[in-house]
Structures are given as C-alpha cells and as structure tokens.
Amino acid sequence: MGVALVRRALAAVLLAGAALVTTGAAPAEERTMLEAFDRVLTAMSYAAAGLAVFAIAWAGFVLMAEGSEERGGGRAKSAVFLAVVGLVLVLSAKGIATLLRHGVIPSLPTP
C-alpha cells in the first residue's frame with residue numbers, strides 16, 4: 001500500500017510538471033507548482049531517511065540472528081548497502097531539483 005501511494009504521488013507531481021512545461025504557466029502558478037514539488041521531495045527525503053535508519057537497524061538484528069561467521073553476514077550487508085543506495089538516490093533527486101530551481105543547472109526550454 002505504501003509503494004502504491006508513493007507511485008501515485010510521484011505520478012501526480014510528474015504530470016503536473018509536464019503540464020507546466022508544455023503550457024508555459026504564469027509565473028505565480030509556476031512558483032506554486034515548484035514549491036509543491038519541493039515539499040513533496042522534502043517529504044520523500046524525510047521518509048527515505050527514516051526507512052534507511054529502520055533498514056540498517058533491521059540489518060543489525062539479522063546479523064545478530066545469523067551470526068557473523070556464516071557467509072560473512074551476506075543478507076545484512078546487502079540490506080545496509082541497499083538502504084544507503086536508496087537514501088543516496090532520494091537525496092540526489094532533492095539536490096538536483098534544488099540546483100534546477102536556483103538556476104545552477106539550466107532547465108529545459110519551454111516550447
């Protein structure tokens with residue numbers, strides 16, 4: 001259920017952003033949409049950070065249950081790696097959006 005909710009929110013934001021680019025919205029509407037997009041990315045960043053902490057704690061429990069001698073803690077290591085990679089992806093999306101918003105990276109031209 002949580003993944004479906006995230007997918008719906010992301011689809012809504014992407015559709016709104018695509019409509020904004022294609023229609024050439026007024027500056028006030030564009031600013032409002034960018035602020036909403038920024039709030040969604042901020043919420044996703046907080047959620048990803050919380051989930052990463054939970055996943056790393058869970059990996060610690062898995063490592064304790066399996067023992068460090070068997071297979072070198074393969075499941076626990078992969079859980080930590082995937083949690084960190086997921087956190088980096090979400091935070092990099094937030095960073096790229098911030099760079100675009102402040103004009104460091106030029107955005108796509110409006111047709």
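Buried means under 20% relative accessible area, exposed means over 50%, and partly exposed lies in between, with a 1.4 Å probe and protein chains only. M64 counts as exposed, because its relative accessibility is 61%.

This is a predicted model, in which local features need pLDDT of at least 70 and side-chain atom pairs count only at pLDDT 80 or more, while totals for chains, interfaces and linings use all residues. Residues are numbered from 1 along each chain as its sequence is written, and side-chain values use heavy atoms, with hydrogens and water left out.

Start with confidence. pLDDT is the predictor's confidence in each residue, from 0 to 100. The protein chain has a mean pLDDT of 75. Of its residues, 65% reach 70 or more. Confidence is lowest in helix 1 (residues 2–23), with a mean of 57. It is highest in helix 2, at 85. Helices here are DSSP runs (H or I, at least four residues), numbered from the N terminus.

M64 lies in helix 2.

S45 is buried, at 10% relative accessible area. A polar atom of its side chain lies 2.9 Å from the backbone oxygen of L41. S45 also touches V90, L91 and K94, leaving aside residues up to four places away in sequence. Contact here means heavy atoms within 4.5 Å.

The term means a side-chain nitrogen of Lys or Arg within 4 Å of a carboxyl oxygen of Asp or Glu. By this rule the count is one. The side chains of K94 and D38 form a salt bridge at 2.5 Å, N to O. K94 lies in helix 3 and D38 in helix 2, so the pair ties together parts 56 residues apart in sequence. Side chains of opposite charge can pair when their charged atoms come close. K94 counts as buried, at 19% relative accessibility. D38 is partly exposed, at 22%.

Finish at G86, in helix 3 (residues 74–101). G86 is partly exposed, at 28% relative accessibility. G86 and L51 are 35 residues apart in sequence. In space they are 9.4 Å apart, C-alpha to C-alpha.

Technical notes: Polar contact = N/O pair within 3.5 Å; in protein donor to acceptor, adjacent residues only side chain to side chain. Helix = DSSP H or I, 4+ residues; strand = E, 2+ residues; numbered from the N terminus.
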